[in-house]
Amino acid sequence: MSSESSPFKYFISGGFGGVCTVIVGHPFDTIKVRLQTMPQPTNGLPPLYKGTLDCALKTVKNEGFRGFYKGMGAPIAGVAPIFAISFFGFGVGKKLQQSKPEDVLTKPQLFYAGAFSGVFTTIIMAPGERIKCLLQVQQDSTGPKKYSGPRDVVRKLYKEGGIRSIYKGTVATLLRDVPASGMYFMTYEWIQELLKPDGATEVSTLSTVFAGGMAGVFNWLIGMPADVLKSRLQTAPEGTYPGGIKQVFGELIRQEGVTALYKGCAPVMMRAFPANAACFIGFEFCMKVLKWLLPNS
């Protein structure tokens, strides 16, 4: 990413990259949430899903391939502004640490700029994640479906608990996105720097794919534990966890152990590389178009 690009261009290009991310990555996200939130087996019964492949096969068998895209309405509606704000926040975070536009930031400064962007996105991300997770997991429950779509989720959540219910899991989202976003942007810039040939001003498309994919992998290595806690908290019935994320954490560790903090890790990592490679390809393409259309802004 160019240090001289305006936050406005980061905003537009980030939004386009975000749409690319959801189209490629949502099926893996559906599997991740279902693995994270499946009920604990009782009375010697087998678990609902044996693992990533079993979850994928049962989804296809019971719902067809469309089942992988359950709940995609919420992220598609929110992803453009979420990624736009994320990349905008990163652009602002960079500029706040530069005395002049051409200044090259250190790796810790890139991390701080990325972490700054994570704060920006939470206000949109938290309710979008809540809606998405509830729609993704209701297929696993018995009886009639509670929600018919994203709008119905919002209406019923508001009726049950007001705006606080819609924003349930905000702290968990913040704990996930601030450090993970810092790692995300720092990793991308660092790998691009490593892959850029001496004297070159731009990296190849293949280098962008690799840097973007690895940024996604490192993002989730940092953010996965908080994401598991967030999914549990956001899909639990109202009143289940009056103590919030701290209570979720204590119960999870007590009942399932530390390894449960990485439940759903396989589909996340399978998704992370292609989805984020798509994101940065979309971002860099859009950035080039904007630089051509608006060279002085």
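The following dialogue explains some terms applied to this predicted model.

Reader: Why are helices α1 and α9 called roughly antiparallel to each other?

Author: Helix α1 covers residues 7-37 and helix α9 covers residues 265-293, and the two pack at an angle of about 165°. Angles over 145 degrees count as roughly antiparallel. The two helices are therefore roughly antiparallel to each other. Their axes lie 7 Å apart, and their crossing is right-handed. By class, this contact has 20 nonpolar, eight polar and five charged residues.

Reader: What makes K94 and E189 a salt bridge?

Author: The rule asks for a side-chain nitrogen of Lys or Arg within 4 Å of a carboxyl oxygen of Asp or Glu. The closest N and O atoms of K94 and E189 are 3.3 Å apart, and the pair forms a salt bridge. K94 is in helix α3 (residues 73-96) and E189 in helix α6 (residues 170-195), so the pair, 95 residues apart, links distant parts of the chain. By this rule the count comes to 19 salt bridges.

Reader: Which residues form the nonpolar patch on the surface?

Author: The patch consists of F8, F11, I12, F16, F285, V289, W292, L293 and L294, with about 890 Å² of accessible area together. Residues of a patch have over 30% relative accessible area and no salt bridge. Helices α1 and α9 each supply at least two residues of the patch, and L293 is found in α9.

Terms used
Residues numbered from 1 in each chain as written. Predicted model: local features only at pLDDT ≥ 70, side-chain atom pairs only at ≥ 80, totals over all residues. Heavy atoms only, no water. Axes fitted to C-alpha atoms, helices over the stretch in contact; angles between N-to-C directions. Helix = DSSP H or I, 4+ residues; strand = E, 2+ residues; numbered from the N terminus. Parallel < 35°, antiparallel > 145°, perpendicular 65-115°, else oblique. Left-handed = near helix turned anticlockwise from the far one by under 90°. Nonpolar A, V, L, I, M, F, W, Y, C, P; charged D, E, K, R; others polar. Patch = residues over 30% accessible without salt bridge, like charges linked within 9 Å, V, L, I, M, F, W, Y side chains within 5 Å. Areas by Shrake-Rupley, 256 points an atom, 1.4 Å probe, with all protein chains shown as cover.
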